[in-house]
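Hi everyone, thanks for making the time.

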Amino acid sequence: MGGRESLMSRLESSVGNIKLKNPLLAASGTWAYGVEFMDHPIQKSLGGFVTKSLSVKASEGNPMPRLYETDGGLLNSIGLQNIGIESFMKEIDPELKKRKAPYVLSVYANRVEDFEFLAERANDSSSLAVELNISCPNIDKGGLEFSSDPQTTTHVVSRVKKLIKKPLWVKLSPNVTSITTIAEAAEAAGADALSMINTLLGMAIDVESRKPWLGRMVGGLSGPSIRPIAVERIFRTYKKVKIPIVGMGGVRSARDCLELMMAGARVVQVGTWNFRDPFVYSQIEADLLTWMERAGILRIEEVVGMAHRS
């Protein structure tokens, strides 16, 4: 093995049985469906990516405007716009498969039956795993999120787990009373990993027009401002569950990545910062290796949960 290859092998990471060349993933909704970046050199610095969340049928998303930049992040109200699972399987997955792209397929639905359908279709994809976005309204429960209580979480995760043949990552919302209770419910229902945290609910008002900035009034807050919340939620959840945690929330540097990993995340997703600097992965990769050398860390996986042992 050559010098650079040997050096880069120190960043190899895993989520259960899934092996990745480094702990860096592009988060859902910020890397489209991946094909746009397949021939770009930045792909070499990615461990993998998560697709935009896909639904049973194509969705046009929410009314404009959909984005509002805050002092420490971004409010978005895209509304999960997507081409639908069938178009993805026909047009996108063959391209990703041909290029052997390491990706996770994100899905969302408003009914348990739709989640089951999506799980069965996902079995035919070339994805490494499926990320179940349960931070969406359950129409059978009057619009409450699937992640709003442990019983609902248990119901949807257990139903999907019976049908899915790929590792199941369950994406948790911070907009709940106790995220650890939801995490434990997801684990008991069969989740193979937890993705956390999703965006926080937020809102912005134009004081001149006296109206909300976003077309749907509320949106999801992401970016550097939510990182301390992500660190705390991951740290607390790590002590409660045995399954791996995929961390996200305001990551833009190697230090941010290390912070989430020390709290308990095995790999880390970069989201909002993709819009500011889609080339950030190569810098994070280099800075992680520099820090590891200085700290005497042989392999990046030694960092996982380190804050609990210090």
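Let's begin with Glu232 and Arg236, which form a salt bridge whose closest N and O atoms are 2.6 Å apart. Here a salt bridge means a side-chain nitrogen of Lys or Arg within 4 Å of a carboxyl oxygen of Asp or Glu. This is a predicted model, so local features need pLDDT of at least 70 and side-chain atom pairs count only at pLDDT 80 or more, while totals for chains, interfaces and linings use all residues. Residues are numbered from 1 along each chain as its sequence is written, and side-chain values use heavy atoms, with hydrogens and water left out.

Both Glu232 and Arg236 sit in helix H6 (residues 227-238), four residues apart, about one turn of the helix. Helices (H or I, at least four residues) and strands (E, at least two) are DSSP runs, numbered from the N terminus. Glu232 also forms a salt bridge with Arg233, with the closest N and O atoms 2.6 Å apart. The cut-offs are under 20% relative accessible area for buried, over 50% for exposed and partly exposed in between, using a 1.4 Å probe and protein chains only.

Now turn to Glu131 and Lys171, whose side chains meet in a salt bridge at 4.0 Å, N to O. Glu131 is in strand E8 (residues 129-133) and Lys171 in strand E11 (residues 168-171), so this pair ties together parts that are 40 residues apart in sequence. Glu131 is buried at 0% relative accessibility, and Lys171 is buried at 7%.

There is a network of salt bridges too, linking Asp39, Glu95, Lys98 and Arg99. The count comes to 18 salt bridges.

**On to the pockets**

A pocket is found on a 1 Å grid over the protein atoms alone, as an open set of points where a 1.4 Å probe fits, with protein on both sides within 12 Å along at least five of seven lines; lining residues have an atom within 4 Å of a point. How many residues line the largest pocket? The lining has 47, and Asn76, Leu80, Asn198, Thr199 and Gly220 lie nearest the centre. Strand E16 gives the most to that lining, with four residues.

As for the second largest pocket, its lining includes Glu69, Asp71, Trp273 and Arg276. Helix H8 gives the most there, with three residues.
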